[in-house]
Amino acid sequence: MRPIWSGAISFGLVTIPIKVVPATESHDISFRQIHTADGGRVRYRKVCELDGQELGQDDIVRGYETATGTLIPVTDQDLDNLPLPTAKAIEIVSFVPAASIDPIQIGASYYLAATESVAAKPYELLRRALERSSKVAVAKFAMRDRERLGLLRVKENVIMLHALRWPDEIRSTSQVPVLDTAVSGQEVDAAVRLAETLAGTGLEEMRDDYRAALEEVIAAKAGTGIPPAPAEGGRPASAGVVDLMAMLEKSVQDAKATRSEPATVHDLPARKKAPKRTAAKKSTAKGKPSRSA
């Protein structure tokens, strides 16, 4: 694994030289853009707007545009020499319980490796301190043109760094419309039973079915030129009025049958008589023709 950044962990007066390597990798299938008429590849070229010259990556640096339109070049050396303590250091500022970190804040993940033998002991010291305290370390560091918030934790015998979003980058839930509705205790119990039935499948058992299906389509078109037939089922049709309890109970039975477990039948509660307003809506919905008709 190639390091993408190098620096040091600043732990009080202790400095631990480290290198940062990505902890994850993408298995996404990449596409090219092609011309529909003849299949020719569509390319994007970087061209200077002053002299029309096509440029390579080595010919390009960052530039900040001022309010007057002036472009000020900013080089890698400028960024490395920022007057900022975290420019080349991961500075630990706090230790907090892991449960206090909202998962919505967590971004990219990295492994931290000691870069030299002199760093082995302080690295191990920090790793053990994190393990024994059962906490995670919150840190600040600068990477890829900005200062970031980070979280340090231990995975097996390696210290990990997770990039965190700043608190002001998290949108408030008040921006999300929430419909005012009510559910019964029996419906909640049925939903909990379904959740318990579906428990037990670990993340390590999960597979990317979309990617596998896409590979099948590509292989078929590369061979015969004809894509495979679509799978049966597809997106379920939406229904205006459903018996939620019946659907939950059936879901429990189906899940248990799939897992070869003995199904336990629960008596469905007696259906309450719908109020007149709901009945009117139901009859109106029945009177409308379906969209698929």
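The questions and answers below concern a predicted model of a protein.

Q: What makes up the protein in terms of helices and strands, and how many residues does it have?
A: The protein contains 6 helices and 9 strands. Of its 293 residues, 19% are buried.

Q: How do you know that E124 and R128 form a salt bridge?
A: The N to O distance between the side chains of E124 and R128 is 2.8 Å. A salt bridge requires a side-chain nitrogen of Lys or Arg within 4 Å of a carboxyl oxygen of Asp or Glu, so the pair E124 and R128 qualifies.

Q: Where do E124 and R128 lie?
A: Both belong to helix α2, which covers residues 120-133. They are 4 residues apart, about one turn of the helix.

Q: Why is R128 called exposed, while E124 is called partly exposed?
A: The relative accessible area of R128 is 52%, and exposed means over 50%; R128 is therefore exposed. For E124 the value is 26%, which falls between the 20% and 50% cut-offs, so E124 is partly exposed.

Q: What makes the pair E131 and R127 a salt bridge?
A: Their closest N and O atoms are 3.1 Å apart, and the limit is 4 Å; the pair E131 and R127 therefore counts as a salt bridge. These two residues also lie in helix α2, 4 residues apart, about one turn of the helix.

Q: Is R127 buried or exposed, and why?
A: R127 has a relative accessibility of 10%. Buried means under 20%, so R127 is buried.

Q: Why is the contact between E249 and R193 called a salt bridge?
A: The side chains of E249 and R193 meet at 2.3 Å, N to O, which is within the 4 Å limit, so the term applies. E249 lies in helix α5 (residues 244-258) and R193 in helix α3 (residues 185-197), so this pair ties together parts that are 56 residues apart in sequence.

How values were computed
Residues are numbered from 1 along each chain as its sequence is written. This is a predicted model: local features need pLDDT of at least 70, side-chain atom pairs count only at pLDDT 80 or more; totals for chains, interfaces and linings use all residues. Side-chain values use heavy atoms; hydrogens and water are left out. Buried means under 20% relative accessible area, exposed over 50%, partly exposed in between (1.4 Å probe, protein chains only).
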